[in-house]
Amino acid sequence: MQTYLIHWQFPDQEAHMKGADVFAQYVESNCESDKFEGFEVINRVVNPEGASGWAIVKASDHKAVWKWCHPCCKGLGNDVEVIPVLTDSEYLAVHKELDEK
């Protein structure tokens, strides 16, 4: 599973407030889509004042990431950036491997 950092940004507070209602309902329903075959949200934080948020997720591939992001993007006008990243242990393993060369 690959680790990804996902950042979303709403274009303005009006769009954010529309999204906030959808997100509140999602959280109240126990974030049911945060874990499915090939995908899991590790952590999520939101910045209401900045109309943005971040999630650290594990996914089998980019298709699984899009499957999770799509409902949040549909009709809300937010920008989403998906960045593949390494955990500390993954970084250390690669660092040691490269250092041996």
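**A walk through the predicted fold**

Strand β1 (residues 2-9) and strand β4 (residues 52-59) run antiparallel, joined by 8 bridges. Helices and strands here are DSSP runs, numbered from the N terminus (helices: H or I, at least four residues; strands: E, at least two). Two strands count as paired if DSSP finds at least two bridges between them.

This is a predicted model: local features need pLDDT of at least 70, side-chain atom pairs count only at pLDDT 80 or more, and totals for chains, interfaces and linings use all residues. Residues are numbered from 1 along each chain as its sequence is written, and side-chain values use heavy atoms, with hydrogens and water left out.

Now widen the view to the sheet. It is open and holds 5 strands, in the order β2-β3-β4-β1-β5, with antiparallel pairing. β2 (35-36) and β5 (79-85) stand at the edges; each has a single partner strand, so one side of each lacks a neighbour in the sheet.

Next, a helix residue. Val 65 sits in helix α2 (residues 62-73). Is Val 65 buried or exposed? Val 65 counts as buried because its relative accessibility is 1%. The cut-offs are under 20% relative accessible area for buried, over 50% for exposed, and partly exposed in between (1.4 Å probe, protein chains only). Leaving out residues up to four places away in sequence, Val 65 touches Tyr 4, Ile 6, Phe 39, Ala 59 and Val 82. Contact means heavy atoms within 4.5 Å.

Turn to charge. Side chains of opposite charge can pair when their charged atoms come close. How many salt bridges does the whole structure hold? The search finds 2. A salt bridge here is a side-chain nitrogen of Lys or Arg within 4 Å of a carboxyl oxygen of Asp or Glu.

One joins the side chains of Arg 44 and Asp 34, at 2.5 Å from N to O. Arg 44 is in strand β3 (residues 39-47), and Asp 34 is in the loop between α1 (13-28) and β2, 10 residues apart. Both residues are buried; Arg 44 has 19% relative accessibility. Beyond its neighbours within four places in sequence, Arg 44 contacts several residues, including Trp 8, Phe 23, Tyr 26, Trp 54 and Trp 68.

The other pair is Glu 90 and Lys 58, whose closest N and O atoms are 3.8 Å apart. Glu 90 lies in helix α3 (residues 88-99) and Lys 58 in strand β4, so the pair ties together parts 32 residues apart in sequence. Glu 90 is partly exposed at 24% relative accessible area. Lys 58 is also partly exposed, at 22%.

Helix α3 also holds Leu 92, which is partly exposed at 41% relative accessibility. Leu 92 belongs to a nonpolar surface patch with Leu 86, Tyr 91, Val 94 and Leu 98; together they have about 480 Å² of accessible area. Patches take residues with over 30% relative accessible area and no salt bridge, joining like charges within 9 Å and nonpolar side chains (Val, Leu, Ile, Met, Phe, Trp, Tyr) within 5 Å. Areas come from the Shrake-Rupley method with a 1.4 Å probe; for residues, only the protein chains shown count as cover.

Last, the backbone. Most residues other than glycine have a negative phi. Asn 30 has a positive phi, near 70°. Asn 30 lies in the loop between α1 and β2 and is exposed, at 67%. Ala 51 also has a positive phi, near 55°. Ala 51 lies in the loop between β3 and β4 and is buried, at 3%.
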